[in-house]
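The tour moves from one selection to the next and describes what is found at each.

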Amino acid sequence: MIKQPLHANWTVRAVGDMSDVPAELRGVVVPARVPGCVHTDLLRAGKIEDPYVDLNEFKVRWIGHVDWEYGTSFDADAELFDHERIDLVCDGLDTVATIELNGSKIAATQNMHRGYRFDVRPSLRRGSNELRITFASPVKYAHAMRQRLGPRPYVNGPGGPFNFIRKMACNFGWDWGPALPTCGIWRGIRLEGWSEARICSISFHVSKIESDFVESVADVEFERAPSAQSKDVHVIVELLAGEPLVGSVKTKENSASATIRIREPRLWWPVGHGEQPLYELAVYLSRSASIASRETIDDQSRHIGLRTVELDTSPDDIGRKFVLKVNGKPIFCKGFNWIPDDCFLDRACEPSRVRQRIQQAVDAGGNMLRVWGGGIFETDDFYSFCDETGVLVWQDFLFACAMYPEEEPFWSEVQAEARYNVARLAHHPSLALLNGCNENIWAYRDWGWKDHEDVKGKTWGKGYYFDLLPRMCNELTPTIPYWAGSPWSGDYDVDNGVPPNAATHGNKHVWEAWFKEDYAVYRTFEPRFCSEFGFQGPANYASIARVVPETARDFGSPEIRHRQKSGDRVRDDGDRRNLRHLIRHFNLPGAEELLAALDSPDPNGKVPECGAEPLHAAKTLPSRVNFDDLHYLLGVNQCRALTLGVEWFRSRQPTCMGTLYWQLNDCWPGGTTWSCIDGDGKPKLLWYATRRFFSDELWTFQPERDGALSLYVINDTDQPLDREVEISRERFDGERLARQTAPVAAPPRSVRRVPVERGVATPTDATRELLWANGSSTTWFFAPDKELNYPRARFEAEWDGRWLTLTAKSLLRDLCVFADRLDPKALVSDQRMTLLPDEMTKIEIVSELPLTKEQLTSAPVIRCVNEFGRR
């Protein structure tokens, strides 16, 4: 086999209907990168302004309404013509494409989530060739398919009906990102010359684990060239585990299955449960069955891990479990929902960027990433990095927040994309769960959609989630669990059975805390597995400053409000929710006035849906809220909410066996979203909080239903934990008022409860006292901040150019040092610390600038919540 990449000399231009194209770009041809997309091509050429800056998103919305032609010329490698077949291989075309080679139409495609292979030998010339790929407007295509098949409801997606095109749904906008429907050759493209046969796919699974050996199976699919239909093709499979282990192969017409026994195996484990050894699996197609005289036709290799994975959803006295087991061991899953790391996939899929983001998840204590159904099947690099780091992958199929048509062409396209991606990913040991959809079963049942006039009597996706996808998974990777939806109760009677989002059955999404009530509502739920919940917080200051002009850094300005994509401006939106949450907890001057201004209609009578058009562009809303104060408190409140939720869910195990919050990452800079890493890849306050609440050893105070208070000790390690616990009630000035000690013995992977004695748990003055356990890392305050009589913040500081040493001379709650306000590239080792009087902390600050102690210890760089207590 010979391969010729086709990544050079590309150009792009607008074609077809020019009514949406700015006059200055009509007929203009610009250089293009492959892999890439039209937005980044136009941006590099200086033809558009950065869509992420200011309100530029709306200036480039026209791009998604236009057809674009990509073209290149190349000289075909002469060796290609030595082969019987010459294929054009397209790993990813986004999305509705017509391919022409030397003026001959090769194919038309309409799915970005799958690869394509076309025989182009009849059209390929020796020497110079012209390749053209024309991408039709994704917005117009989606609207046309909606018109043809009849509308179905969806939420989010101000850029168009994303449920009528097999394209990354969030490209049409979501409640955390802009609407920038794009197109382009988003993955590799090449020519492949081959003869006789080629390997199509390799899957691998462990069928048995014993004390001294592992039995595994490798399945191989291959394709024969026309002249080799009657020739023998032999499959040889080797596992390189010290000495090569040769599999016992059974071959059918175009497939083979090899059984391999590995003695003294090294098992693959999730991070925190063991090591992640990887073996190399080599597959050869040969003219000879003899290994010694192998005549290779084609060969490929995969890195694999030895592990089993199962999902225990058996009924119990509560309802239905949801427990993931690896190598037979129950795993408490701690992690995140993952979205595409940029709106433009040439950036989002850059390998070093993907590796960094996954490492950030691991460094925060995560062991699972849920690849959400409104994004993409990630590139091979993503899953390989997860294999290496021990991160379990929950992979959604790509359906989110909508009713999806099952009519053609969509049924066939979904079948093809499922087959392509399951076959591509099945060998990865990190792949732990395949999930049918995001919120669609729940939406059908509980969002009023099953009785919606656009759903009655129509297909809506049920056939995918309960028929097509489980059949495909069972055929291609029967040992990886399939689950129909997130959330889903496990009840197939979607009309009358157990509600899809029941806390007692299967997995649950908990959104009441942010959308409706305060975050204390988390404690009213005991889910079996919480696969989505979250709370908003702003991007880091440096990220906001990069994309919002200094004069517009006001939470009442159109430029800042544009970064908020959640909600409906008429009924409610994220800015108003965030303010209501803050007002419940803090004394923030001007907050209620800003909330009132946000509640008032636009002077022109227009209050558009979030993200649909520039918001209140005619004016900045009147605001007396200090930007720095609000920015700080929004970040703190996000941490408080997720800390409460995660610590509560972890204290409920083994009833609850997983907590995946929304979301790890962002797709654009400067946004107010649910992420813990902002769009510039920098950790937000929440990331530092996550390191604490995902730690293997966690201590947390929790209220009981009878009003008592308990300390829960969570041991998520394989070693027993034996400690003497000290619980103390103190005044804010450090005076001890009550104390108790107790021994704690927590076996591996367990939770133990220590009741707090009534005399310790009952305050004399709830506004001036707190509880702590074994120091200030575990605290309990008896009232909201706005009712607390905090002391004035006092501390001493030392700075040696790298380490900032702070010694508290008063209680300091939620202490932060925002070094990025002085140097956008600055990194800090810790944030949001609570110090008792005379406690000390050391913070490492890495900066290329010569920072001073005065800068680092002055507002708004250094902050704590003391100033937002009782006034």
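The stops below are given in viewing order, after a short note on conventions.

The model is predicted, so local features need pLDDT of at least 70 and side-chain atom pairs count only at pLDDT 80 or more, whereas totals for chains, interfaces and linings use all residues. Residues are numbered from 1 along each chain as its sequence is written, and side-chain values use heavy atoms, with hydrogens and water left out.

**Stop 1: strand S10**

Select Arg132, which lies in strand S10 (residues 127–135); strands (E, at least two residues) and helices (H or I, at least four) are DSSP runs, numbered from the N terminus. Arg132 counts as partly exposed at 27% relative accessibility; buried means under 20% relative accessible area, exposed over 50%, and partly exposed in between, with a 1.4 Å probe and protein chains only. Its side chain makes a polar contact of 3.1 Å with the side chain of Glu130. A polar contact is a pair of N or O atoms within 3.5 Å; within protein, one must be able to donate a hydrogen and the other to accept it, and residues adjacent in sequence count only if both atoms are side-chain atoms.

Not counting residues up to four places away in sequence, Arg132 touches Glu69, Tyr70, Gly71, Thr72, Thr98, Ile99 and Glu100, where contact means heavy atoms within 4.5 Å.

**Stop 2**

Move to Glu264, in the loop between strand S20 (255–263) and strand S21 (279–286). Glu264 is exposed, with a relative accessible area of 71%. Although it is not a glycine, Glu264 has a positive phi of about 50°.

**Stop 3**

Select helix H6 (residues 410–425) and find Arg424 within it. Is Arg424 buried or exposed? With 11% relative accessibility, Arg424 counts as buried. The side chains of Arg424 and Asp380 are joined by a polar contact of 2.7 Å. Leaving aside neighbours within four places in sequence, the contacts of Arg424 are Arg187, Phe377, Glu378, Thr379 and Asp380.

Next display helix H8 (residues 462–476), which packs against H6 at an angle of about 35°, the axes being 10 Å apart. Axes are lines fitted to C-alpha atoms, for helices over the stretch in contact, and angles run from 0 to 180 degrees between N-to-C directions. From H6, the residues making the contact include Trp411, Val414, Ala418 and Val422; from H8, they include Tyr464, Leu468, Met472 and Leu476. By class, the contact has 11 nonpolar, two polar and four charged residues; Ala, Val, Leu, Ile, Met, Phe, Trp, Tyr, Cys and Pro count as nonpolar, Asp, Glu, Lys and Arg as charged, and the others, Gly among them, as polar.

**Stop 4: the loop holding Asp493**

Asp493 is in the loop between strand S30 (482–483) and strand S31 (508–509). With a relative accessible area of 36%, Asp493 is partly exposed. Its side chain reaches the backbone nitrogen of Asn496 at 3.1 Å.

**Stop 5: helix H13**

In helix H13 (residues 591–599), select the buried residues Ala591, Leu594, Leu595, Ala597 and Leu598. Viewed down the axis of H13, these buried residues fall within an arc of 160°, so they line one face of the helix; the arc is that of the directions from the helix axis to the C-beta atoms. Their cover includes helix H11 (558–561), helix H12 (574–585) and helix H14 (627–651).

**Stop 6: two cis peptide bonds**

Gln653 and Pro654 are joined by a cis peptide bond with omega of about 10°. Pro654 is in the loop between H14 and strand S36 (658–661). Another bond to inspect is that from Trp662 to Gln663, which is cis with omega near 10°; Gln663 lies in the loop between S36 and strand S37 (672–673).

**Stop 7: Arg832**

Finish at Arg832, in the loop between strand S48 (827–828) and strand S49 (833–835). Arg832 is buried, with a relative accessible area of 13%, and has a positive phi of about 55° although it is not a glycine. Which side chain does the side chain of Arg832 meet in a polar contact? The partner is Asp814, at 3.1 Å. Beyond neighbours within four places in sequence, the contacts of Arg832 include Val636, Cys639, Arg640, Thr643, Ala689 and Arg692.
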